[in-house]
Amino acid sequence: MATIITAGNLTRLAGELMKAGCRVIAPAKLDGMVVFKAITDEHEMLPEGEYILPHSSFKEFVFPRTECILRYRLGEQGKVSYEATNLDAEPAQAAIGCRPCDAASLPILDKVFGWDYRDEFYFKRREKLTVVSIACSRAGERCYCTSVGCAPDSKAGSDILLKKTAGDKYVVEALSDKGRQLAEKHASLFEKAEGEPPVEVVDLKPAFDVEKIKPWLDTHFEDPLWLDMAARCMGCGTCAYGCPTCHCFDIVDEGDLRGGCRLKNWDTCAAVLFTKHGSGHNPRTSQEQRYRQRVMHKFKYYLEKFGLRACVGCGRCSNRCPVGQDLYAVLKTIAERAAK
């Protein structure tokens with residue numbers, strides 16, 4: 001017997017969570033663009049049929065664009081006092097209506113933020129986040145999740161996975177304790193259906209063999225392809241800022257003689273200053289080297305270190321690039337060269 005939730009009750013679920021003090025993150029319109037945002041009214045949440053993939057990812061709600069990690073103040077006789085950010089004050093969060101590719105980014109981020117040092121700024125928010133994703137019944141022009149080992153109905157990172165069925169309803173699959181607790185707490189919004197209703201999940205065929213990518217990268221650190229691919233790259237970083245798995249950051253102090261704030265800010269390996277040393281030396285002086293690093297990191301280094309590729313195939317990097325650089329096309333080219 002399947003569990004069902006209607007589109008209307010999904011909206012009501014968002015409302016009930018907000019009334020309970022939960023921050024609800026959902027696809028909504030902002031200046032005419034579909035983005036993930038913390039909504040203040042359940043009716044801001046767009047119906048699933050009105051979008052394929054929001055312009056932004058929801059990573060900023062576990063890994064903010066900028067955050068103060070501590071404040072410091074210079075007192076009398078040069079004594080410095082510190083006040084760390086109180087992460088316990090962060091509210092519970094629920095991401096409703098995200099796609100499985102966004103949800104699948106979370107286990108990838110978990111690896112790097114919990115590696116040799118556990119980043120509590122990330123994990124405090126992560127532990128308070130419940131993810132209710134909706135499987136894709138349509139694919140965008142640059143969606144290639146199945147080509148990198150993900151899927152339109154992937155379960156990775158989701159606490160509840162919804163699959164569209166007839167009558168503006170969704171079949172509910174609770175995948176974690178957090179998901180089951182949410183469904184139990186709001187049980188009146190869910191109903192039982194006889195049997196297993198047919199669901200709508202897009203059949204997206206892989207466009208290339210991802211298993212051929214890393215062996216080619218292992219032996220082609222120096223290759224003319226990198227210069228060709230990087231020729232149009234401006235190093236603006238919009239690909240990294242839109243990517244749900246990119247996680248580079250910088251830490252800077254901002255303040256005056258009396259004190260200030262230590263900030264953790266998003267950064268990107270595409271930027272010319274990203275690897276510049278205090279001495280002035282920069283080991284990656286060209287955009288060719290920086291573009292190569294981006295591909296190598298996602299499909300070689302991360303895979304070697306953590307056993308996962310740092311890409312879920314959402315296509316945002318290609319959709320957002322102001323000069324039309326297309327990672328999907330780059331990967332397809334590499335796979336084709338490897339096959340030869």
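Predicted model: local features only at pLDDT ≥ 70, side-chain atom pairs only at ≥ 80, totals over all residues.

Reader: How does one check the length of a helix, and what is the span of α10?

Author: One compares the expected span with the distance between the end C-alpha atoms. Helix α10 covers residues 327-339, and at 1.5 Å a residue its 13 residues should span 18 Å. Its end C-alpha atoms are 18 Å apart, which agrees.

Reader: Which residues of α10 are buried?

Author: Here a cut-off is needed: buried means under 20% relative accessible area. In α10, the residues L327, V330, L331, I334 and A335 are buried.

Reader: Why do the buried residues of α10 line one face of the helix?

Author: The general idea comes first. An α-helix has 3.6 residues a turn, so residues three or four places apart point the same way. In this case, the buried residues of α10 fall within an arc of 130 degrees when seen down the axis, so they line one face.

Reader: What covers the buried residues of α10?

Author: The cover includes α5 (213-219), α6 (224-230), α8 and α9 (316-320).

Reader: Let us turn to the cavities. How many cavities of 30 Å³ or more are there?

Author: A cavity is a space where a probe fits but cannot get out. The count is 3 cavities of 30 Å³ or more.

Reader: Which helix gives the most to the lining of the largest cavity?

Author: That helix is α8, with 4 residues. By class, the lining of the largest cavity comprises 11 nonpolar, 5 polar and 3 charged residues.

Reader: What is the volume of the second largest cavity?

Author: Its volume is about 120 Å³. Among the 15 residues lining the second largest cavity, C101, C136, C143, C145 and P152 are the closest to its centre. Its lining has 12 nonpolar, 1 polar and 2 charged residues.

Reader: Which residues lie nearest the centre of the largest pocket?

Author: A pocket, by contrast with a cavity, is an open set of points. The largest pocket has a volume of about 570 Å³. It is lined by 28 residues, and V112, W115, H247, C248 and F249 lie nearest its centre. Helix α8 gives the most to this lining, with 8 residues. By class, the lining of the largest pocket has 16 nonpolar, 4 polar and 8 charged residues.

Notes. Residues numbered from 1 in each chain as written. Heavy atoms only, no water. 1 Å grid on protein atoms, 1.4 Å probe; cavity = no way out; pocket = protein on both sides within 12 Å on 5 of 7 lines; lining within 4 Å. Points joined across faces, edges and corners; volume = space filled by probe spheres on them. Helix = DSSP H or I, 4+ residues; strand = E, 2+ residues; numbered from the N terminus. Nonpolar A, V, L, I, M, F, W, Y, C, P; charged D, E, K, R; others polar. Expected span 1.5 Å × (residues − 1). Buried < 20%, exposed > 50% of the residue type's maximum accessible area, 1.4 Å probe, protein only. Arc of directions from axis to C-beta. Contact = heavy atoms within 4.5 Å.
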